[in-house]
Amino acid sequence: LRRFKSWKEMFFRRPHVRFDGVYVLEKTYWKTCTVGDHMSLERETVKCSYYRYLRFFPNGQVAYALLNQEPKRALDWIHKGHRSMC
């Protein structure tokens, strides 16, 4: 605390977890699949994405979800009906 002029300055200058939102991590990778029957095998590349959602609470609890839904759709879902995340 001695490095800072006040507790407020210390709070804003030091890293800290926010409690007023949801952290989102996107993971994307490419997967090669074989498509077709045994006579005509074709290889196809598919983009795969999933998202990790974290919500921190002041009491120390953390809510976690792993979904394949994009943030806009997932956050609507989290805020509307799944109060365990909010």
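Where is the place of Trp-7? In this predicted model, Trp-7 sits in helix H1, which covers residues 7–13.

**View 1. A nonpolar patch on the surface, built from Trp-7, Phe-11 and Phe-12.** Taken together, these three residues show about 420 Å² of accessible area. Trp-7 has 63% relative accessibility, so it counts as exposed. Phe-12, at 58%, also passes the 50% cut-off and is therefore exposed. Phe-11 comes in at 41%, which makes it partly exposed.

**View 2. Phe-11 and Phe-12 as an aromatic pair.** Searching the whole structure turns up 3 aromatic pairs. One of them joins Phe-11 and Phe-12, with 5.3 Å from centre to centre and 80 degrees between the planes, an edge-to-face arrangement.

**View 3. The tilted pair of Tyr-51 and Tyr-53.** Here the ring centres are 6.3 Å apart and the planes meet at 35 degrees, so this one goes down as tilted. Both Tyr-51 and Tyr-53 are buried.

View 4. Take Thr-45: it is 14 residues from Lys-31 along the chain, yet their C-alpha atoms are separated by 5.6 Å. Lys-31 has a relative accessibility of 45%, so it counts as partly exposed.

Key:
Residues numbered from 1 in each chain as written. Predicted model: local features only at pLDDT ≥ 70, side-chain atom pairs only at ≥ 80, totals over all residues. Heavy atoms only, no water. Buried < 20%, exposed > 50% of the residue type's maximum accessible area, 1.4 Å probe, protein only. Patch = residues over 30% accessible without salt bridge, like charges linked within 9 Å, V, L, I, M, F, W, Y side chains within 5 Å. Areas by Shrake-Rupley, 256 points an atom, 1.4 Å probe, with all protein chains shown as cover. Salt bridge = Lys/Arg side-chain N within 4 Å of Asp/Glu carboxyl O. Helix = DSSP H or I, 4+ residues; strand = E, 2+ residues; numbered from the N terminus. Phe/Tyr/Trp six-rings, centres within 6.5 Å; stacked < 30°, edge-to-face > 60°.
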